[in-house]
Amino acid sequence: MSLKIYFCGYSYHTQGYYSQHKSGFPGYLFRLQTEGFCEVVVKGKRRTLEKGDLLIIQPGDYYELLVEAGQSSADYHLSCKGDWVDEWWERSAKPTISKVDLDEKTLALWRHLIVEERRPSSEENKELSEYLLRALCLSLERAVNETAPSFNRPYTVTRMMRYIEEHATTSFKVEDVAKHAGLSVSRSVHLFKSSVGKTMIEYALEVRLSAAMERMKYTTMTLEQIAEDCGFGSYPYFHRVFQKKFGLAPGAYRQQD
């Protein structure tokens with residue numbers, strides 16, 4: 001069975017709204033609360049969803065949604081079914097409700113999928129929608145795992161790591177990372193080092209080196225261009241860092257491939 005998307009959209013409720021599926025929801029349901037709050041009943045339990053709460057249920061689960069008159073509630077929602085989603089669901093336990101970060105990259109994926117589903121149907125659109133759906137499922141799964149209590153590092157540290165990964169090839173300061181995590185500079189520096197085992201700058205250098213190695217393997221950019229593009233600033237500095245890490249010069253590494 002190929003992937004089937006029943007609906008995918010965004011809703012902002014300012015008036016009362018009610019939805020019920022007594023015989024069980026027909027597909028997998030993803031619902032991410034982005035503003036306000038609402039009430040849901042899932043598997044016989046009544047819960048309040050607040051900003052950042054992600055609801056995931058599987059086909060057949062009893063489901064009710066209630067937004068009281070006078071309250072506001074906004075959410076992204078998606079229902080789908082298919083062999084790939086079945087296989088993804090079985091890989092690991094999926095909590096019914098999780099608190100996740102409202103990451104802009106994940107929301108952008110969701111918005112892209114919404115737009116694709118609005119287009120007139122075609123095989124090309126269907127294929128792109130399927131890949132977007134897979135990417136969204138995997139992104140949401142990562143968000144859930146990284147905020148779970150059993151994750152091997154504080155979620156604040158994960159947020160700092162993601163910020164560094166996103167900005168490593170540009171100019172950023174430790175103060176920027178601390179601000180993103182909502183911590184003081186001293187606290188963020190200590191927490192990052194104790195959790196990751198390296199400083200923020202050391203971690204950023206690893207990300208830059210990884211990006212540089214990809215460019216050396218798969219592009220014809222000059223080593224000087226790669227050094228600048230990956231955030232090293234100058235080729236001599238890039239050369240020095242690379243040789244210290246891998247024991248050979250960037251040029252020699254590129255030639256051996």
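Author: Start with K43, in the loop between strand 3 (28-42) and strand 4 (45-50). The model is predicted.

Reader: Why is K43 called partly exposed?

Author: K43 has a relative accessible area of 49%. Buried means under 20%, and exposed means over 50%. The value for K43 falls in between, so K43 is partly exposed.

Reader: Now the buried ones. How do you know that L78 is buried?

Author: L78 sits in strand 7 (residues 73-81). The relative accessible area of L78 is 0%. The cut-off for buried is under 20%. Therefore L78 counts as buried.

Reader: Which residues does L78 touch, leaving out those up to four places away in sequence?

Author: L78 touches I5, F7, C8, Y28, L29, F30, W110, L113, L133 and L136. Take L133. L78 and L133 are 55 residues apart along the chain, and their C-alpha atoms are separated by 9.4 Å.

Reader: T34 has a relative accessible area of 9%. What makes T34 buried?

Author: The limit is under 20%, so 9% qualifies and T34 is buried. T34 lies in strand 3. Setting aside neighbours within four places in sequence, T34 is in contact with Y10, K51, A74, D75, Y76 and L102.

Reader: And why is L55 called buried?

Author: L55 belongs to strand 5 (residues 53-57). Its relative accessible area is 0%. That is under 20%, so L55 is buried. Not counting residues up to four places away in sequence, L55 touches L29, F30, R31, V42, L49, Y63, T96 and I97.

Reader: How far are the C-alpha atoms of L55 and R119 separated?

Author: By 27 Å. The two residues are 64 residues apart along the chain.

Reader: What share of the chain is buried?

Author: Buried residues make up 41% of the 257 residues. The chain has ten helices and eight strands. Its C-alpha trace spans about 65 × 50 × 30 Å along the principal axes.

Reader: Let's turn to helices. How do you know that the length of helix 4 agrees with what it should span?

Author: Helix 4 has 13 residues. At 1.5 Å a residue, helix 4 should span 18 Å. Its end C-alpha atoms are 18 Å apart, so the two values agree.

Reader: Which residues of helix 4 are buried?

Author: V157, T158, M160, M161, Y163 and I164 are buried there.

Reader: Where do helix 4 and helix 5 meet?

Author: T156, R159, M160, Y163 and I164 in helix 4 meet D176, V177, H180 and A181 in helix 5. These residues divide into five nonpolar, two polar and two charged.

Reader: Why is helix 7 called roughly perpendicular to helix 9?

Author: Helix 7 (residues 200-218) and helix 9 (residues 235-246) pack at about 100°, with their axes 11 Å apart. The angle lies within 65 to 115 degrees, so helix 7 is roughly perpendicular to helix 9. Helix 7 contributes L205, E206, L209, A212, M213 and M216 to the contact, and helix 9 contributes Y237, F238, V241, F242, K245 and F246. The contact residues divide into ten nonpolar, no polar and two charged.

How values were computed:
Residues numbered from 1 in each chain as written. Predicted model: local features only at pLDDT ≥ 70, side-chain atom pairs only at ≥ 80, totals over all residues. Heavy atoms only, no water. Contact = heavy atoms within 4.5 Å. Helix = DSSP H or I, 4+ residues; strand = E, 2+ residues; numbered from the N terminus. Nonpolar A, V, L, I, M, F, W, Y, C, P; charged D, E, K, R; others polar. Buried < 20%, exposed > 50% of the residue type's maximum accessible area, 1.4 Å probe, protein only. Expected span 1.5 Å × (residues − 1). Axes fitted to C-alpha atoms, helices over the stretch in contact; angles between N-to-C directions. Parallel < 35°, antiparallel > 145°, perpendicular 65-115°, else oblique.
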